[in-house]
Amino acid sequence: MTGNIADIIVVLILIILVGASVFYIRKQKKKGVHCIGCPSAGACSGACKSKMKKEK
């Protein structure tokens with residue numbers, strides 16, 4: 001019984017973390033941030049996207 005409760009708690013924590021991450025990404029995209037992981041994301045010209053596309 002205690003193993004099941006521990007599993008449920010771990011799953012709930014993971015769901016909360018993933019949900020918070022998705023919420024943050026959507027919020028940043030609505031603000032117009034081009035590169036969310038970039039330190040200058042608000043002022044980024046989007047050059048990081050074009051560099052990534054060229055490398056692939």
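The chain has an accessible surface of about 4900 Å². Carbon and sulfur atoms account for 68% of that. Accessible areas here use the Shrake-Rupley method with a 1.4 Å probe, and for residues only the protein chains shown count as cover.

This is a predicted model: local features need pLDDT of at least 70, side-chain atom pairs count only at pLDDT 80 or more, and totals for chains, interfaces and linings use all residues. Residues are numbered from 1 along each chain as its sequence is written, and side-chain values use heavy atoms, without hydrogens and water.

Now the fold. There are two helices and zero strands. Those are DSSP runs numbered from the N terminus: helices are H or I with at least four residues, strands are E with at least two.

What share of the 56 residues is buried? The figure is 11%. Buried means under 20% relative accessible area, exposed means over 50%, and partly exposed lies in between (1.4 Å probe, protein chains only).

Take glutamine 28, in helix α1. Why is it called buried? Because its relative accessible area is 11%. Leaving out residues up to four places away in sequence, glutamine 28 touches Val33 and Ile36. Contact means heavy atoms within 4.5 Å.

Next, isoleucine 9. Helix α1, residues 2-31, holds isoleucine 9. Isoleucine 9 has 45% relative accessibility, so it counts as partly exposed.
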